Amino acid sequence: MANKRVCLAYSGGLDTSVILAYLIEQKFDVVAFLADVGQDEGWDAVKAKALKIGAERMIIQDLQEELVEELVWPAVQCNAVYEDAYLLGTSLARPVIARAMMKVAKQYNCEFLSHGSKCDLSWRGKLSIQRRRRSSRGAYPSSANDSRSGRQALLDYAEQKGVPVTSTKAKPYSMDANIIHCSYEAGTLEQTELEPPADMWTKTVDPLKAPDEPTRFTVHFEKGIPIKLEVGGKTITGSLEIFKAANEIGRVNGVGRVDIVESRFIGLKSRGCYDTPGLTILRTAHRDLEGLVMDSKVRGIRDQMVTFNWTACLYNGMYFSPEREFLHNSIVFSQRHVEGKVNMVAYKGSAFVIGRSSETSNLYSETESSMDTLEGFSPMDTSGFIAIQAIRLEKYGARKIKDGEPLAPI
């Protein structure tokens, strides 16, 4: 009787290496799948490791450009951010990975899908693929399946079975890297009062050790999407190249480090450390340009409704959902006239705007906004407006005086 075939989302790390070894032990034929989403990996070594453990084949696909154009750019367009700090570096990659994995599973006639049940692919990715195909639970050996044991049990199992892993009991960080960011969890980071180790960060230099000379650059946008980046006398175009250039500016200057305690989908709190250089820079530039060219009422509705809910869809694994599609169309509509350029400076952990302009927007008028002239606008025009707006406030104040209440808390 032929072995059952399973497609395993394989990263080469501790979690999935243990799962691979266990699946082989349970007589599965394993097609290992790894998405190149910009992580710094020795692909030959990862492939050799998977085959050594026992995978039937190792499939590696480059999805970087797809990730930037289909997920990162919409995140920039709506200024996506989770709980005011996290820029969704891991969440943005999951739909692209899950979709590609489904195609591989179909190509090689896999009956089951498997993934690390401790990692967020177990819910973000699984929700992404659930609409297309029934998936399996993450398979763990019994010695590592005790929820009280966690990574220590995985390390024990790997040692027993001779599975090569990079994690150690002395430094058991969970690191998840892609072109957008690197995330760090577990180990001593679970003690929220402790400072992250200085040597932990991989995508940014220490801001205190960043160059003393600032980096000046300009980002050009069309329909809310970066289309050109100018830095150091060079002009960069192309989605992937622009994002890599922004990453490098941020890396050198220590931009994009975040250390937070966030609310997970299931309600638990978890500490996460992230360094997200390029997306931090491009989001800052885009948000500033919108101040110049975007209608204030549209921007307000977008911020309150679209940005919050689009972010939640991505964080909670609901990318392949009708609500996310609806929100995406709203994003595209809101960005029709977001065109212009933003001048910025990156310096010792910060990226800030020093100027912006647009040749197409007519919302800003230097003449109408000037404090040095009354041309185009008369202060007398406000008298009726102020009187009308004051009616409600006067009635509110009169009611408080009648009831003996103070007009404002003391």
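A salt bridge is a side-chain nitrogen of Lys or Arg within 4 Å of a carboxyl oxygen of Asp or Glu. The structure shown above is a predicted model. A search through the whole of this model finds 16 salt bridges.

**Salt bridges of Arg99**

In one of these salt bridges, Glu66 pairs with Arg99, and the closest N and O atoms are 2.7 Å apart. Glu66 belongs to helix α3 (residues 64–77) and Arg99 to helix α4 (residues 89–107), so this pair ties together parts that are 33 residues apart in sequence. Arg99 also meets Glu70 in a salt bridge, with 2.8 Å from N to O. Because Glu70 lies in helix α3 and Arg99 in helix α4, this pair ties together parts that are 29 residues apart in sequence.

How accessible are these side chains' residues? Arg99 has a relative accessible area of 18%, and buried means under 20%, so Arg99 counts as buried. Glu66, at 27%, is partly exposed. Glu70 is partly exposed as well, with a relative accessibility of 34%.

**A salt bridge between two loops**

Lys348 and Asp212 form a salt bridge through their side chains, at 3.0 Å from N to O. This pair links distant parts of the chain, 136 residues apart: Lys348 sits in the loop between β12 (340–347) and β13 (350–357), and Asp212 in the loop between β6 (182–185) and β7 (215–222). Lys348 is partly exposed, at 26% relative accessibility. Asp212 is exposed, with a value of 59%.

| Salt bridge | N to O distance |
|---|---|
| Glu66 and Arg99 | 2.7 Å |
| Arg99 and Glu70 | 2.8 Å |
| Lys348 and Asp212 | 3.0 Å |

**A network and a helix contact**

Salt bridges also link Glu290, Arg299, Arg302 and Asp303 in a network.

How do α3 and helix α9 (residues 296–315) cross? Their axes come within 10 Å and cross at roughly 150 degrees. Angles over 145 degrees count as roughly antiparallel, so α3 is roughly antiparallel to α9. The crossing of α3 and α9 is left-handed.

Which residues make the contact? From α3 they are Leu71, Pro74, Ala75 and Gln77, and from α9 they are Arg302, Trp310 and Leu314. Sorted by class, the contact of α3 with α9 has 5 nonpolar, 1 polar and 1 charged residues.

Notes. Residues numbered from 1 in each chain as written. Predicted model: local features only at pLDDT ≥ 70, side-chain atom pairs only at ≥ 80, totals over all residues. Heavy atoms only, no water. Helix = DSSP H or I, 4+ residues; strand = E, 2+ residues; numbered from the N terminus. Buried < 20%, exposed > 50% of the residue type's maximum accessible area, 1.4 Å probe, protein only. Axes fitted to C-alpha atoms, helices over the stretch in contact; angles between N-to-C directions. Parallel < 35°, antiparallel > 145°, perpendicular 65-115°, else oblique. Left-handed = near helix turned anticlockwise from the far one by under 90°. Contact = heavy atoms within 4.5 Å. Nonpolar A, V, L, I, M, F, W, Y, C, P; charged D, E, K, R; others polar.
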